[in-house]
Amino acid sequence: MFGEVTWGLLWSGVSDKMLSVAGESSASSFVDPAALMRIRSLELRARVVMEGLWKGLHRSPYHGFSVEFSEYRSYVRGDDPRHIDWKLAGRSGRYFVKKFEDETNLRCQLVVDHSRSMKFGSAGGMTKADYAATLAATLALFLMKQGDAVGVTTFASGLAEHVPARNRPGHLRRLMLELERPVQEGGTALDVSMTQLSELLTKKGLVCLFSDLLAPVEKLERQLSWLGAMGQDVVVFHLMDRAEIEFRFEEAAVFQDAESGVERFVNPGVAREGYLARLKAHCDAVRSGCERAGVEYQWCPTDTPLEVALFDFVSRRDGAKVAKNRVSGGGR
Amino acid sequence: MFPLYLAGAAAVIVPILLHLRRQPPKDRVAFSSLMFLEETERQPTRRRRLENWLLLLARCLILILLALMFARPFSRDREASGVEEGESVVVLLDRSASMRRGELWKRGVEAVREVVEAAGVSDRVAVGLFDGKVEWVMAGDEGLPEARRAAVAGLAKVMPGWGETDLGRAMVSGLEVLAQWNDGGRKKRRLVVVSDFQEGAKLAELQKVAWPEGVVAERRVIALEEEGNLTLELVSGRTEEEEEGVANAEVVRRVRVSSSRETQQTGFELAWEGSNQGVVVQGFLPPGGRRVLKMPPREKGDEKPGVLKVTGDGYDFDNRVYVAPEQPREVRVRVAADEEGALERAASPGYYLKRALLGTAAVRPVLETVDAANWDGVTGGGVVVSAGDGVRLGEAGIAAWRKVLGEGGLGVYVVDGVSAEAELKALTGELGWRVKEAGEQGDGAYAMLGEVDSKDGLLAPFADARLKDFTKVRFWKHRVVEVEGEGVKVLARFDSGDAAMIAVRQGAGTLLVLTSGWHPADSQLALSTKFVPLWFGWLAAAGFSYEEEGVLQVGQALPWEFKGEGKVTGPSGQVGVLKAGEVFVAKEPGVYRAEANGGEKEARWFAVQLPAGEGRVSVMAEERLTELGVNLESGDEVAGGAGEVTAEVRERMDGVETEAKQRLWLWTLVAILVLVIVESMLGASRGREGSVA
């Protein structure tokens with residue numbers, strides 16, 4: 001709840017119009033993802049994206065938006081006197097207790113797919129894994145800068161690494177390290193991974209899933225529904241390479257499955273039509289499933305500038321959360 | 001040209017095998033997931049072959065044409081190649097005397113056979129034998145191989161002759177034949193000469209012609225390993241001393257011994273063949289040297305032909321000199337006399353005349369006395385003499401004398417008194433003669449010849465100042481003879497001015513009038529050393545002696561015109577019958593005997609020698625021909641030697657020339673380039689067919 005409030009306060013007043021203005025003014029200045037990936041340091045890449053994102057945000061009419069928001073409550077007997085904000089007491093003559101950041105800020109768990117299928121990429125050596133890592137790192141940087149707790153979980157055929165959400169000095173570095181880990185040799189077992197994840201997430205928060213979702217849709221829908229039912233706010237970033245989306249192959253060749261190693265002779269001229277139809281059906285099924293599960297779905301082709309992907313995400317999240325707050329009256 | 005490169009065409013099997021081999025797709029694409037991809041059915045190999053057969057064909061053709069290009073192909077179809085159809089070949093085989101050495105002739109025939117057999121059916125070939133002239137044994141028709149083989153086979157039965165080597169004339173004849181065949185200059189023309197190319201060959205005729213364009217001369221030298229040779233030749237001409245000698249001197253013959261520069265031996269010997277004399281001359285000659293010797297005398301048998309031979313080398317075809325028996329010309333000298341023994345009566349003019357005219361190698365006077373009654377039977381030319389011993393000619397004698405003089409004879413008339421005036425007038429016709437006695441000189445007095453016209457032919461022997469001193473000849477008596485008229489010439493005068501010797505032209509002959517006799521009663525002339533040369537000089541001037549005829553050689557006609565039928569007997573015993581006006585050409589060296597009228601009435605020996613120069617057997621340098629403009633084919637071809645150009649080599653040379661003209665390799669290269677472009681286009685098209693449909 002607090003996360004939702006925080007998120008809503010954070011983005012309050014940010015209208016679609018502003019975002020659209022920000023989007024219009026900043027699209028040409030966004031860094032091409034393939035060029036961005038030439039920055040070898042993930043943290044640096046994330047900062048570059050974030051800079052771009054901030055610029056876009058600062059061009060919005062809502063200037064001076066502070067991210068350093070702290071929440072007070074009246075002192076009641078039994079509260080730890082160490083938490084009394086003495087400056088405020090001096091000014092107001094009243095005693096208020098400052099809430100801890102981890103009590104008032106967002107908890108976000110970035111769940112990144114590290115299966116072998118994420119190693120595919122067609123544009124300038126950039127893979128989906130690189131895109132996912134950069135997107136997650138940017139989001140992590142962004143959230144931690146404003147006091148949110150961020151954690152990272154990587155998975156393939158099961159959970160690989162899990163770093164709980166924190167916001168402490170040095171935590172960001174750890175997150176970057178995890179995100180920088182190479183993709184594992186393994187297939188995608190979304191259901192298993194989500195099940196394991198749900199057991200680890202004890203507190204409600206935001207779960208951002210970065211994956212190509214190359215798995216049966218039925219199992220995914222079930223696990224996402226379960227996470228939603230647990231009170232997690234799930235956002236699915238569906239990453240796909242443009243070559244996968246459009247199947248830009250011309251020469252007949254033996255295609256090899258990155259995860260299973262299975263090989264098939266494919267004549268693109270013959271197989272393209274069927275492939276695209278099946279892919280569309282899968283993507284539609286995923287979108288529908290997410291919708292049914294109450295999960296936010298973000299379509300992320302890897303040739304989309306990361307800033308734009310985040311803006312899209314933010315704009316949808318803002319609209320949804322504002323509406324939710326209005327319905328629920330905000331806060332808890 | 002290089003058929004070995006065609007083996008490279010075997011590389012065409014490589015693209016065929018590669019094309020047929022079922023190759024797995026080379027491209028492998030790593031893809032994220034195959035969950036949306038269905039496997040595409042592969043096309044059958046058979047269908048793939050059919051689709052790519054054009055590409056395979058193009059690649060195969062490229063490899064084949066590459067091999068073909070390196071092999072440098074050419075077409076022997078002369079029309080397509082632009083080479084003139086056929087070749088004109090004239091082959092000349094030397095059949096001169098020098099080809100009698102060793103195996104030369106046999107090898108020459110073999111060389112001719114090779115050339116003829118190498119000729120194609122469309123070629124024109126002519127074969128000729130040459131020495132001093134050319135004899136064609138095969139005309140230049142485009143004959144069948146059988147005809148050519150028969151002609152060449154006939155050569156094997158022929159032997160070389162004894163003629164000289166007139167190489168120039170032979171080559172000019174060959175050029176004439178080629179010129180006759182030359183229809184627009186389209187044919188290749190070649191003149192092949194098979195010979196020993198001796199240095200003694202004549203080349204003068206080549207200086208008279210310009211070598212025609214397009215004709216190539218080919219030299220096939222036939223040489224012996226052992227080239228050393230000795231030659232014996234008869235030398236013509238006299239030395240100055242001999243010329244100065246008396247007319248009745250012995251005819252001196254000389255021989256020349258020559259040695260080629262390749263001769264290893266230096267010694268030689270001369271000997272008369274068939275004689276018991278043995279070696280008559282021994283000598284030494286350095287290689288390339290020569291010596292002139294007087295012909296050694298024969299011990300006996302001068303009346304028979306003789307053969308002088310030199311020994312000291314391995315080839316004796318030129319080691320002989322033939323000598324005809326001595327055969328002086330017989331001159332009938334009819335002396336007017338009134339008795340038969342007049343020539344034996346001592347102190348008579350006839351006595352001294354007979355002993356003076358003893359005969360020489362050139363002239364053999366035959367004296368006979370004729371009395372006044374027998375002049376009617378005197379016919380023909382010859383010499384008539386009235387010696388001035390009081391014998392009168394009479395009318396018959398006068399008539400006979402006039403006849404003899406008219407036919408070119410010589411009359412010697414000694415004026416013995418005033419009565420001779422009438423006879424002189426009768427002999428000479430209209431000339432006015434005046435004869436009177438000069439009177440005796442008195443005791444001890446005498447006349448001498450003070451003026452002698454030695455420039456006249458009748459006194460030619462005395463042309464030398466040393467010989468025309470007649471002051472030692474005393475004339476006791478003489479008559480004063482005066483004559484005027486045409487054709488009269490005083491040859492000598494006494495110191496008194498009176499004529500001593502008068503020559504009168506009578507018809508074709510000469511009447512020589514002496515105003516003093518030669519017998520001791522009149523003068524010392526018969527007893528002097530001048531008498532004999534005086535008489536032989538008169539005979540020579542009147543044409544009653546033979547000039548040195550020079551050396552007769554094979555191929556020359558005998559210098560004797562048959563006025564009637566006659567025959568000539570050759571050295572091998574063969575007899576040739578000739579008609580009037582015909583001449584006989586000697587074909588081999590030796591001594592010939594020519595007889596007119598079928599008998600001994602008029603016969604003569606002729607010695608015919610081997611042509612000069614045939615003994616110079618060293619091989620002439622090529623430059624001697626090229627200097628005369630002969631377009632020699634490069635390289636000297638020694639028939640039977642290491643450098644022999646066989647038919648195979650010639651065919652290869654023709655192929656090189658044809659290939660250079662056709663340049664088919666260039667068109668092959670163009671075709672390869674076109675095919676490469678086509679192959680590239682087909683290959684790209686094949687790639688696109690595999691991409692987006």
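**Helices, sheets and confidence**

Modeller: We may begin with a crossing: in this predicted model, α10(A) passes α12(A) in a right-handed crossing.

Biologist: Which residues make that contact?

Modeller: From α10(A) come Val217(A), Leu220(A), Glu221(A), Leu224(A) and Ser225(A). α12(A) contributes His282(A), Ala285(A), Val286(A), Gly289(A), Cys290(A), Arg292(A) and Ala293(A). By class, the contact of α10(A) with α12(A) comprises seven nonpolar, three polar and two charged residues.

Biologist: Why are α10(A) and α12(A) called roughly parallel?

Modeller: Helix α10 (residues 217-229) of chain A packs against helix α12 (residues 268-293) of chain A at an angle of about 20°, and their axes are 9 Å apart. Angles under 35 degrees count as roughly parallel. The two helices, α10(A) and α12(A), are therefore roughly parallel to each other.

Biologist: How do you know which term applies to α9(A) and α10(A)?

Modeller: The axes of helix α9 (residues 190-200) of chain A and α10(A) cross at roughly 10° and come within 9 Å. With the limit again under 35 degrees, α9(A) and α10(A) are therefore roughly parallel to each other. In this contact Leu190(A), Asp191(A), Met194(A), Thr195(A) and Ser198(A) of α9(A) meet Lys219(A), Leu220(A), Gln223(A), Trp226(A) and Leu227(A) of α10(A). The residues of the contact of α9(A) with α10(A) divide into five nonpolar, three polar and two charged.

Biologist: Are α7(A) and α8(A) roughly parallel or roughly antiparallel, and what makes them so?

Modeller: Helix α7 (residues 128-145) of chain A and helix α8 (residues 171-180) of chain A have axes that come within 10 Å and cross at roughly 170°. Angles over 145 degrees count as roughly antiparallel. That term therefore describes α7(A) and α8(A): they are roughly antiparallel to each other. Ala133(A), Ala136(A), Ala137(A), Ala140(A), Leu141(A) and Met144(A) of α7(A) meet His171(A), Leu172(A), Leu175(A), Met176(A) and Leu179(A) of α8(A). By class, the contact of α7(A) with α8(A) has 10 nonpolar, one polar and no charged residues.

Biologist: In the open sheet of five strands in chain B, what makes a strand an edge strand?

Modeller: The order of that sheet is β24-β28-β27-β25-β26 (chain B), with mixed pairing. Its edge strands are β24 (552-553) and β26 (575-578) of chain B, each of which pairs on one side only.

Biologist: How do you know that strands β25 and β27 of chain B pair?

Modeller: Pairing requires at least two bridges. Four bridges join strand β25 (residues 566-569) of chain B to strand β27 (residues 590-596) of chain B, and these strands run antiparallel. Gly566(B) stands opposite Ala596(B) in β27(B).

Biologist: How many bridges join strand β9 to strand β12 of chain B?

Modeller: Four bridges join strand β9 (residues 267-272) of chain B to strand β12 (residues 306-311) of chain B. With at least two required, the strands count as paired, and they run antiparallel. In β12(B), Val310(B) is the bridge partner of Leu270(B). Both strands belong to an open sheet of four strands, ordered β10-β9-β12-β13 (chain B), with antiparallel pairing. The edge strands there are β10 (279-284) and β13 (320-323) of chain B.

Biologist: Where in chain A is the pLDDT below 50?

Modeller: Residues 1-27 of chain A are one such stretch, and over residues 60-70 of chain A the pLDDT likewise stays under 50. The mean pLDDT of chain A is 77. Where pLDDT is low, the predicted coordinates should not be read in detail.

Technical notes. Residues numbered from 1 in each chain as written. Chains lettered and ligands numbered in written order. Predicted model: local features only at pLDDT ≥ 70, side-chain atom pairs only at ≥ 80, totals over all residues. Heavy atoms only, no water. Axes fitted to C-alpha atoms, helices over the stretch in contact; angles between N-to-C directions. Parallel < 35°, antiparallel > 145°, perpendicular 65-115°, else oblique. Left-handed = near helix turned anticlockwise from the far one by under 90°. Contact = heavy atoms within 4.5 Å. Nonpolar A, V, L, I, M, F, W, Y, C, P; charged D, E, K, R; others polar. pLDDT = per-residue confidence, 0-100.
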